[in-house]
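Hi there,

Here is the structure I promised to pass on to you. Have a look at it first, and then read my notes below.

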Amino acid sequence: MRLLVVEDDVHVAAALASVLRRHGFEVDLAHSAADALERLDSGPDVVLLDLGLPDRDGFDLCGRIRALRDVPVIMVTARADVRSRIHGLDLGADDYLVKPYDVGELIARIHVVSRRRSPGNGAGGETPPGPRPAQALCGGRIELDRLRRSVSVDGAPVALTRKEFDLFAALAREPGVVFRREQLISEIWNTSWQGNHRTLEVHVGSLRSKLALTGVIETVRGVGYRIVAAPERPGGRTLPLR
């Protein structure tokens, strides 16, 4: 597996590269945002991204990487505050690891995000679980295509981040079934960290806004979330989705 390590501290980068190579990874180093963008052409399987870069903020670089390549990104940084974690995940990072960290945990996370790559990206990943690649929801108004990692509403494509798509696809596996918050956090963010409850709420809110259909994702208070085909009015009358 080829890794692109983006780290401005030359000594830290060299030490990390040495450890990763001993574990069988091919490692390419970049010490600035400009250098990282050039090295994307080498086709890395995973990007390890430090946020404190000399020429560009790591958050901005993550957004640029997302626009150029569909490659998993793990933010590896000393910024431990919740706001930074949420911001990084909202920008499309697949994971967020705070320094100092255990190398074994980093390697495990690298393998996890690599396995989650879509088969259409040439990574040989497994097809996300689901009854079929394409799925119609909400009376056919929403179409979810797992192979193309796309969602459309009334035929119009909806631009979702990687995590937003993963979250919606997870809920869509079993419409009407309640998914516990802990289950979603574990599956989408590969962690049991309690602070991710707020991250989950942010992503659900963003999904609702982008889908622009009232009542599609229902909050089950104290438990989690589920997809509802069409909410009902009292008395059994169907409430139209808007």
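First, the ground rules. This is a predicted model, with local features needing pLDDT of at least 70 and side-chain atom pairs counted only at pLDDT 80 or more, while totals for chains, interfaces and linings use all residues. Residues are numbered from 1 along each chain as its sequence is written, and side-chain values use heavy atoms, with hydrogens and water left out.

**Confidence**

The mean pLDDT (the predictor's confidence in each residue, from 0 to 100) is 81 for the protein chain, and 84% of its residues reach 70 or more.

**Overall make-up**

The chain has eight helices and twelve strands. These are DSSP runs numbered from the N terminus, with helices being H or I of at least four residues and strands being E of at least two. Of the 242 residues, 45% are buried; here buried means under 20% relative accessible area, exposed means over 50%, and partly exposed lies in between, with a 1.4 Å probe and protein chains only. The chain exposes about 11,500 Å², of which carbon and sulfur atoms supply 50%; the areas come from the Shrake-Rupley method with a 1.4 Å probe, and for residues only the protein chains shown count as cover. Among contacts between residues at least 6 apart in sequence, 55% join residues at least 24 apart.

**The cores**

In soluble globular proteins, nonpolar side chains tend to be buried together. For this model I used nonpolar cores, meaning sets of buried Ala, Val, Leu, Ile, Met, Phe, Trp, Tyr and Cys residues joined through side-chain atoms within 4.5 Å. The largest has 29 residues, and those with the most contacts inside it are Ile142, Phe168, Leu171, Leu184, Leu200 and Ile217. Two or more residues come from each of strands E7 (142-145), E8 (150-153) and E12 (224-227), and from each of helices H6 (162-172), H7 (181-189) and H8 (196-211). Helix H6 gives the most, with seven residues.

What does Ile142 touch, leaving out residues up to four places away in sequence? Its partners include Val151, Val153, Phe168, Leu211 and Val216. A second, separate core has 20 residues, among them Leu40, Val47, Leu61 and Val71.

In helix H4 (residues 82-90), Ser84, Arg85, Ile86, Gly88 and Leu89 are buried, and H4 is followed by Gly92, whose phi is positive, near 115°. Helix H8 holds Gly205, which is partly exposed at 36% relative accessibility. The C-alpha atoms of Gly205 and Ile217 are 9.3 Å apart, with the two residues twelve apart in sequence.

**Charged pairs**

A search of the whole structure finds 18 salt bridges, each being a side-chain nitrogen of Lys or Arg within 4 Å of a carboxyl oxygen of Asp or Glu.

- Asp94 with Arg66, at 2.8 Å. Asp94 sits in the loop between H4 and strand E5 (95-98) and Arg66 in helix H3 (residues 58-68), 28 residues apart. Asp94 is buried, with a relative accessible area of 5%.
- Asp154 with Arg141, at 2.6 Å. Asp154 is in the loop between E8 and strand E9 (156-158) and Arg141 in the loop between strand E6 (134-137) and E7, so the pair ties together parts 13 residues apart in sequence. Asp154 is partly exposed at 49%, and Arg141 is partly exposed at 27%.
- Arg148 with Asp145, at 2.9 Å. Arg148 is exposed at 67%, whereas Asp145 is buried at 8%.

Arg66 and Asp94 also belong to a network of salt bridges with Asp70 and Arg162.

**Cysteines**

How many disulfides does a search of the whole structure find? The result is zero, taking a disulfide as a pair of cysteine sulfur atoms within 2.5 Å. Cys62 is buried at 0% relative accessibility, and Cys138 is buried at 8%.

Best wishes, and enjoy the model!

Technical notes
Contact means heavy atoms within 4.5 Å.
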